[in-house]
Amino acid sequence: QEKQATEQTLHSVLSTLATLIAPLMPFLAETMYQELKREGDPESVHLCDWPKANKKVIADELENQMTATRAIVSSALAKRAELGVGVRQPITALKIRTKNQAELLRLIQDEVNAKEILIDESMKDGVELDITMTDELKEEGQLREVIRHIQDLRKKAGLKPADKIDIHYSAADEVNQILSKNQKQILETTKSRKLLENDSQQGEFLASKEIKIDNSNLWLGIIRV
């Protein structure tokens with residue numbers, strides 16, 4: 001149901017956009033429209049009525065809450081940058097003053113990458129970050145960084161989501177332990193078949209790279225299977 005709702009929303013947004021840009025970019029608008037056109041729609045985007053806003057579905061309160069939500073996220077991300085904590089590294093908690101809808105609190109939590117959101121109405125304006133780093137949080141951040149680099153290799157190699165790969169690696173002991181412990185998650189997330197230790201770094205690789213995870217060396221190479 002979520003997938004269907006997402007597709008319908010995206011279709012509506014793109015169809016409306018095609019109509020709005022038609023006077024300024026007629027050929028791009030027509031190309032978009034022809035890909036999006038459904039049975040019963042006009043033959044051309046240039047035969048469509050100009051979009052009209054449906055004021056009945058404008059939720060002023062929700063828009064105001066979303067504006068406040070974006071301000072909180074921006075402040076928290078700026079604070080992370082100030083403290084030198086990368087966005088892929090989960091933090092223990094984010095403390096904010098404003099109560100909000102549960103859905104928006106989850107959005108804030110996801111965007112800031114915090115394990116917990118704390119509400120403190122006695123706070124002044126602003127946000128507070130608890131960046132106490134446990135071994136579990138540190139490992140989670142390192143794992144996300146590894147997965148990001150593997151996905152970058154897939155992109156560099158021009159692979160499609162359905163393409164399966166084997167991941168070859170050569171790593172320092174600390175990173176080796178993380179890879180072994182989280183092998184299942186790495187393989188599932190990166191659409192991979194095997195994770196293979198390869199200290200010689202020999203093979204016909206679609207793409208490879210040498211990186212650092214914190215201060216530990218890691219070499220990665222991928223092969224299509």
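Gln201 lies in the loop between S5 and strand S6 (207-213), with helices (H or I, at least four residues) and strands (E, at least two) taken as DSSP runs numbered from the N terminus. The model is predicted, with local features needing pLDDT of at least 70 and side-chain atom pairs counting only at pLDDT 80 or more, while totals for chains, interfaces and linings use all residues. Residues are numbered from 1 along each chain as its sequence is written, and side-chain values use heavy atoms, leaving out hydrogens and water.

Although not a glycine, Gln201 has a positive phi of about 60 degrees. Most residues other than glycine have a negative phi. Gln201 is partly exposed at 32% relative accessibility (between the buried class, under 20% relative accessible area, and the exposed class, over 50%, with a 1.4 Å probe and protein chains only). A positive phi, near 55 degrees, also occurs at Lys191, in the loop between helix H7 (183-189) and strand S5 (192-197). Lys191 is partly exposed, its relative accessible area being 37%.

Turning to the helices, H1 (residues 2-21) packs against H2 (residues 26-36) at an angle of about 150 degrees, their axes 8 Å apart; axes are lines fitted to C-alpha atoms, for helices over the stretch in contact, and angles run from 0 to 180 degrees between N-to-C directions. This makes H1 roughly antiparallel to H2 (an angle over 145 degrees). The contact (heavy atoms within 4.5 Å) involves His11, Leu14, Ser15, Leu17, Ala18 and Ile21 of H1, together with Pro26, Leu28, Ala29, Met32, Tyr33 and Leu36 of H2.

Note on methods
Angles under 35 degrees count as roughly parallel, over 145 as roughly antiparallel, 65 to 115 as roughly perpendicular and the rest as oblique.
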